[in-house]
Amino acid sequence: MMSVLGIVLFALVILISVSLHEAGHMGTAKAFGMRVTRYFVGFGPTLWSFRRGETEYGVKGIPLGGFVKIVGMTPQDEDADDPKAMWRFPVWKRSVVMSAGSVVHFILAGVAIWLLAIFSGLPNPALPNGPESQPAVLAVQPCVVKTLPLRECAANDPASPASQAGLRDGDKLVAVNGKPVATWGEAIEQIRPLAVGQTASMTVERDGGQQTVQISPAEVERKMTDGSVRKVAAIGVGLTSTVPYTVTYGPVDAVGASAKYAGSMVTATFEALKQFPQRIPALFSAIGGAERDPNTPISVVGISILGGEAVERGAWDMFTALFIGFNLFVGIFNLLPLLPLDGGHLFIAWFEKIRSWVYARLHKPDPGRVDYFKLMPLTYTVILIFGAFTLLTVTADLVNPISIYK
């Protein structure tokens, strides 16, 4: 039940974000004197509406986003003759209006990051690569769980090679088979390829000195970072945290920390966008029943499911992180220079401006505005591709959803 409520809650958060996106367009357009005739939350049949001034506000029956109607966005629109039509305004004003939706998403993400920094904490900058960049200070496990899913030790689980070899909690692993390791990540990289059943040497720091023990690793199933499950070597140890994974900040210090964290997330978003094409085959495989790669793209359905899991587990920091990621992604994606996205309109507006400037310098007649009708085949192609991709991700999220806790 909590999972269902969480899914509904995250879907509501998405609806509010998108509605505020449209409100950003409307607010800036009105501020510049453009005519705005409609602002609605949702699509389909109108459930409720009222008119104030020249604008009708309301709610429609299908809560999947929202829209705003700004008169005369292009010279080819039916209402382009209106003196308050958008296309008649200077390019910088149109640019502000068209980018306002994405700016709203960035503001929402920025505020959420700032709140996260104060109340839950952001990743510790002393651990640039996460927990794996910590020193390999060991927590010795009493057993090894050989098959997934991971769980607490049971009576029939074999004793861990680490405990049998005499390793203790707090030992700091510094070398594997004579090769130095400085972090937990390096330790994992050295342990997993070891030959199962063959003796390996582990050098640890203990009580100010170093000791070397002989260990015979066990074979276990583990999930890799790419989502695949493989047989690897394990000795039955975990990581004892010597540096906190997260750091909380005061309201002032949180501003700078939030900016740095937002920068890293923006970089990660661009990397994810670049990898979209190569991830598509994995989506088809997931629909066919293969293990779902956690790095494959997800739809609003998928991210709502993840939000539901976060609520079910009481992981509100994870819920907030999903909200941040969603808003950053939508804000950036919406600025791509493709019609019908806002970025496509921005690109055309500045293309017209630059082209007019170049023609003026060449003493040639101004070529005028771009004919949007000639761009309709390209626009429909983009819509078709986006629609097919959305259908693919939604299907994968329903048939084989990504889970935070698998």
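Colleague: Is Asp397 buried or exposed?

Modeller: This is a predicted model, where local features need pLDDT of at least 70, side-chain atom pairs count only at pLDDT 80 or more, and totals for chains, interfaces and linings use all residues. Residues are numbered from 1 along each chain as its sequence is written, and side-chain values use heavy atoms, with hydrogens and water left out. Buried means under 20% relative accessible area, exposed over 50%, partly exposed in between (1.4 Å probe, protein chains only). Asp397 has 2% relative accessibility, so Asp397 is buried.

Colleague: Which residue meets Asp397 in a salt bridge?

Modeller: A salt bridge needs a side-chain nitrogen of Lys or Arg within 4 Å of a carboxyl oxygen of Asp or Glu. Here the N to O distance is 3.1 Å. The salt-bridge partner of Asp397 is Arg292.

Colleague: How far apart are the closest N and O atoms of Glu54 and Lys84?

Modeller: Lys84 is partly exposed at 27%. Glu54 is partly exposed too, at 26%. Their salt bridge has its closest N and O atoms apart by 3.4 Å.

Colleague: Is the disulfide of Cys143 and Cys153 left-handed or right-handed?

Modeller: A disulfide is a pair of cysteine sulfur atoms within 2.5 Å. The sulfur atoms of Cys143 and Cys153 are 1.9 Å apart. The torsion about their S-S bond is about -95°, so the disulfide is left-handed.
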